[in-house]
There are 2 protein chains.
Amino acid sequence: MYEMTIRLQAGGIRLYEQIYEHIKKEIRDGKLLAGERLPSTRSLAEYLQVARSTVDYAYGQLLDEGYIEAKPCKGYFVCPMEELIQLEDTRDIINVPDKKDVPDIDNVLSIHNVGMADGKKSGREQGGGEVPAPVQGSHSPSLICDFSPHDIDMSGFPFGVWKKITKNILTDANSDLFSRGEPQGDYELRLTISRYIHSSRGVNCRPEQIVVGAGNDYLLLLLEKLLGGQVRIAMENPTYLRSWRILKSFSYHVVTVDADENGMKVGQLEKENVSAVYCMPSHQFPSGTVMPIGRRLELLKWADKGADRYIIEDDYDSEFRYHGKPIPALQATDEHGRVIYIGSFSKAIAPAIRISFMVLPEILLEKYLRELFFYSCTVSRIDQSILNEFIRDGYFERHLNRMRKIYRAKHELLLEELRPFRKKFAVTGENAGLHLLLKAREDITEERLVMSAADVGVRVYGLSESMAETSMHRQERRTQTESATVLLGFGALKTEQIQEGVRRLKEVWL
Amino acid sequence: MYEMTIRLQAGGIRLYEQIYEHIKKEIRDGKLLAGERLPSTRSLAEYLQVARSTVDYAYGQLLDEGYIEAKPCKGYFVCPMEELIQLEDTRDIINVPDKKDVPDIDNVLSIHNVGMADGKKSGREQGGGEVPAPVQGSHSPSLICDFSPHDIDMSGFPFGVWKKITKNILTDANSDLFSRGEPQGDYELRLTISRYIHSSRGVNCRPEQIVVGAGNDYLLLLLEKLLGGQVRIAMENPTYLRSWRILKSFSYHVVTVDADENGMKVGQLEKENVSAVYCMPSHQFPSGTVMPIGRRLELLKWADKGADRYIIEDDYDSEFRYHGKPIPALQATDEHGRVIYIGSFSKAIAPAIRISFMVLPEILLEKYLRELFFYSCTVSRIDQSILNEFIRDGYFERHLNRMRKIYRAKHELLLEELRPFRKKFAVTGENAGLHLLLKAREDITEERLVMSAADVGVRVYGLSESMAETSMHRQERRTQTESATVLLGFGALKTEQIQEGVRRLKEVWL
């Protein structure tokens with residue numbers, strides 16, 4: 001068993017925090033390896049001469065964030081590191097926060113019990129009219145379980161921390177935050193974002209290349225001005241329907257190309273004569289496909305062939321991957337400035353945090369500064385500052401690790417519950433983030449699956465609902481009797497809801 | 001002298017608040033008429049059996065908001081009502097706030113002393129690169145006084161109230177505010193805005209017609225999608241350069257038409273073959289021209305002649321008018337749904353409040369709901385709720401009246417200080433909001449005026465800086481020796497800065 005050599009310091013940082021930070025560092029530095037057992041809370045408390053509750057708090061935090069796991073009657077063990085999100089600690093570089101700004105232990109440790117009303121719509125899609133009302137069967141019981149692939153779990157949101165940061169920021173000393181800021185967003189936030197996406201996604205950029213905006217829709221509107229009108233742009237089909245609709249509302253010509261198990265078929269791009277591509281290489285929606293390095297290089301090679309060719313990389317949900325090492329962004333491999341990287345905090349923090357950002361390649365940055373400098377930033381400086389401190393002071397990293405643990409548990413539960421379905425359905429989407437896909441092995445239509453689920457009060461999502469609306473295949477996919485596929489999202493559901501939902505699906509599908 | 005018949009109630013509402021509300025109501029209801037003298041604070045305190053400081057507070061509030069004025073050695077007198085902004089009290093209709101939510105007396109009454117650092121850029125234009133660096137003369141002293149027409153006075157911003165509302169909203173009970181809201185903005189805020197613009201600007205609309213967005217730029221981007229590409233649109237010249245640049249960045253063809261003392265020459269629109277007009281009828285920038293009813297009807301008549309003709313009314317600064325009754329919006333006279341009304345809170349509240357809104361005519365609303373429903377709202381629900389309470393609970397009205405009083409004092413001071421200039425310059429722009437215009441009567445170039453001011457550390461703004469950048473007249477206007485005109489803004493300046501700035505201009509211009 002690992003021997004603790006923590007030197008606790010009186011005053012300043014709380015004791016539980018010191019223990020937590022020490023163990024976290026040991027795990028990160030590889031001094032504590034996966035599978036190693038930690039001392040029991042009682043023995044560590046005795047050894048360190050602190051209250052046992054102090055060690056309990058520290059272990060609780062580590063458990064919450066997925067650094068360690070508890071095995072009944074055996075003790076606490078270190079988890080494999082590769083699955084953990086690690087951000088560079090930028091606190092010392094930018095600004096050491098006053099220790100009094102650290103939220104109370106109650107705020108930090110009890111926040112994951114703050115509940116949202118059940119069934120509350122809170123996902124990325126909510127309000128966008130993404131999902132039409134389900135086709136109702138003959139009798140329509142009220143909705144018992146909504147397997148929405150777009151809703152997220154807000155019960156893990158650290159409201160206490162967010163409130164505390166907001167309160168600290170809204171002091172009169174910060175009254176200049178009420179004045180208009182820089183068009184691209186405040187430099188400090190851009191610096192923090194650039195460090196975050198470098199350490200978590202391998203994205204290489206200067207803060208100067210980042211444009212902060214109120215949501216992806218707005219950033220795409222800016223990009224339309226930047227890339228010029230009459231662009232032919234390619235998307236996969238099925239795809240992320242909201243982005244398809246936004247691009248369709250532009251002066252763009254949107255074409256859809258096919259995808260295989262490695263993602264977009266790059267070969268079709270030349271034939272379609274497009275100059276831009278919209279894609280989600282680390283995690284396609286809805287398929288969950290991760291584009292392997294070979295296909296990525298092929299895509300980048302296509303882009304290198306024309307000076308006006310660009311790839312818009314929507315890295316929307318990259319934080320939630322449960323197996324293996326995180327996959328770097330496509331931008332990380334781009335050597336010639338062909339990739340426009342777009343990220344958002346809607347899913348990782350909360351849908352109401354209307355803050356997205358894009359990383360412009362140098363050549364587009366120059367054009368932006370020359371031609372679009374007069375567009376003011378759409379995010380208030382107060383909101384920018386709150387987000388900046390949330391990331392900079394380590395709360396975002398903790399939140400991500402905590403949420404990932406929560407989602408992984410739901411992911412595994414749903415996989416387990418779906419075991420009896422495997423005879424009749426292929427279950428895929430292990431990298432799809434917050435949903436799984438069920439593909440029928442026998443003859444049945446997608447429409448039939450959706451309707452029979454609705455009959456027992458369960459909402460599932462047909463794959464056709466993610467298909468381009470003008471695509472001929474859409475209606476076809478709904479009614480064809482081969483490979484009918486539905487999406488089951490679990491982000492916002494509770495354990496009992498997942499169990500009850502699957503139980504009802506069993507009644508009608510098996 | 002007017003006789004007070006206030007019945008004070010113990011408990012609940014604060015005494016000073018009861019006195020303040022009572023007198024305000026009497027003035028609004030016309031029971032207290034302009035010029036009437038109020039009882040002295042001593043005698044009213046004795047009569048009501050309250051502390052004299054209580055009456056002082058109440059009178060202070062009324063003074064701040066421009067309901068009454070103090071004449072030295074004579075007492076307090078009622079001000080003319082027509083200049084005051086009156087919003088409907090919607091509190092009883094929507095929601096009566098708990099009295100404990102009313103901010104402390106200190107917050108409400110001392111907030112106008114919260115200072116911003118001098119010279120802090122905080123105007124509508126800041127960050128947009130609107131104003132190029134001044135042409136420097138042979139020696140360049142540091143900037144002593146910046147007569148920016150775009151900066152506003154943030155010292156009057158009620159930070160305390162804003163903080164209090166924010167704190168109350170960020171309770172866990174409101175955690176659903178972190179979920180995504182309606183695409184057009186939350187209904188409650190739209191209801192509040194519809195009531196506000198109806199009572200203050202005569203705008204007729206249902207909350208359903210309002211689209212809330214993060215700034216005018218974003219709303220214009222949405223409008224581009226709504227009106228379709230290839231639109232020929234007309235603006236006056238000189239005009240509001242930011243909007244000109246935004247429209248130029250569209251697929252629009254922007255033409256400029258001439259203006260006279262009644263505003264845009266409507267006759268030129270047919271000749272220019274445009275289908276849309278961007279204008280500021282209540283208060284043109286930079287001229288300050290108020291379009292009279294005759295010209296307005298002419299403009300509406302032009303719009304009525306084509307089903308695709310629309311007028312975009314930018315009512316950006318309508319709150320700050322110092323003489324006579326407020327002028328209703330053009331939208332108020334529009335009977336056929338030709339006007340798209342755009343309003344913003346950037347200037348009336350603070351530039352960082354990234355909340356604007358537009359009112360769509362029914363026919364465009366239908367198109368919006370059909371074609372653009374998937375664009376999510378760009379303003380966070382938390383920010384929407386803060387603004388909603390700020391307006392709904394009467395703080396906005398108080399703030400506007402207080403700011404108007406502050407700006408009127410600066411306006412009058414600048415007019416007075418400029419008296420010695422009248423021989424050499426025509427001073428106009430009494431309705432221009434936060435700036436005045438000086439037109440040289442003798443031969444001198446605008447460039448010369450700007451440069452000689454810069455020589456003594458004063459920044460003034462040539463009229464050419466508000467001219468369309470592609471316009472041939474721009475360079476001409478800068479260098480022609482006739483009618484050279486400069487703008488002197490006073491919004492963000494302190495009394496001493498205005499005096500010192502004018503003193504220096506006197507040195508070089510007179």
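I take a residue as buried when its relative accessible area is under 20%. The model I consulted is a predicted one.

**Entry 1: strand S9 of chain A**

I began with strand S9 of chain A, which covers residues 276-279. I looked up which way its side chains point: Ala276(A) and Tyr278(A) point one way, while Val277(A) and Cys279(A) point the other way. I noted that all of them are buried.

**Entry 2: the neighbours of S9(A)**

Next I asked which strands pair with S9(A). Strand S5 of chain A, residues 232-236, pairs with S9(A) in the parallel sense, over two bridges. In this pairing I found Ala234(A) opposite Val277(A).

Strand S10 of chain A, residues 310-314, also pairs with S9(A) in the parallel sense, here over four bridges. I recorded Glu313(A) in S10(A) as the bridge partner of Cys279(A). I then followed the chain from S9(A) to S10(A): the path runs through helix H11 of chain A, residues 293-304, and this β-α-β crossover is right-handed.

**Entry 3: aromatic pairs**

I turned to the rings and noted a count of 49 aromatic pairs over all chains. One of them joins Phe421(A) and Phe425(A), with 6.2 Å from centre to centre and 45° between the planes, and this pair is tilted.

Are these two residues buried or exposed? Phe421(A) has 0% relative accessibility and therefore counts as buried. Phe425(A) has a relative accessible area of 3%, so Phe425(A) is buried as well.

Why does the pair tie together separate parts of the chain? Phe425(A) lies in strand S13 of chain A, residues 425-428, and Trp509(A) in helix H17 of chain A, residues 495-509, so the parts tied together are 84 residues apart in sequence. I checked burial for this pair too, and both Phe425(A) and Trp509(A) are buried.

**Entry 4: a ring cluster**

I looked up a cluster linked by ring pairs. Its members from chain A include Phe157(A), Phe159(A), Trp162(A), Tyr196(A), Tyr341(A) and Phe345(A). Phe357(A), Phe390(A), Tyr395(A) and Phe396(A) belong to the cluster too, as does Phe178(B) from chain B.

**Entry 5: charges over rings in chain B**

Finally, I looked at arginines over tyrosine rings. Arg338(B) lies over the face of Tyr310(B), 4.5 Å from the ring centre. The charged end of Arg459(B) sits over the ring of Tyr461(B), at 3.9 Å from its centre.

Notes
Residues are numbered from 1 along each chain as its sequence is written. Chains are lettered from A and ligands numbered from 1 in the order in which they are written. This is a predicted model: local features need pLDDT of at least 70, side-chain atom pairs count only at pLDDT 80 or more; totals for chains, interfaces and linings use all residues. Side-chain values use heavy atoms; hydrogens and water are left out. Buried means under 20% relative accessible area, exposed over 50%, partly exposed in between (1.4 Å probe, protein chains only). Two strands pair if DSSP finds at least two bridges between them. A crossover is right-handed if, with the strands pointing away from the viewer, the path from the first strand over the helix to the second runs clockwise. Rings of Phe, Tyr and Trp (its six-membered ring) pair if their centres lie within 6.5 Å; planes under 30 degrees apart count as stacked, over 60 as edge-to-face and the rest as tilted. A charge sits over a ring if NZ of Lys or CZ of Arg is within 6 Å of the ring centre and within 35 degrees of the ring normal.
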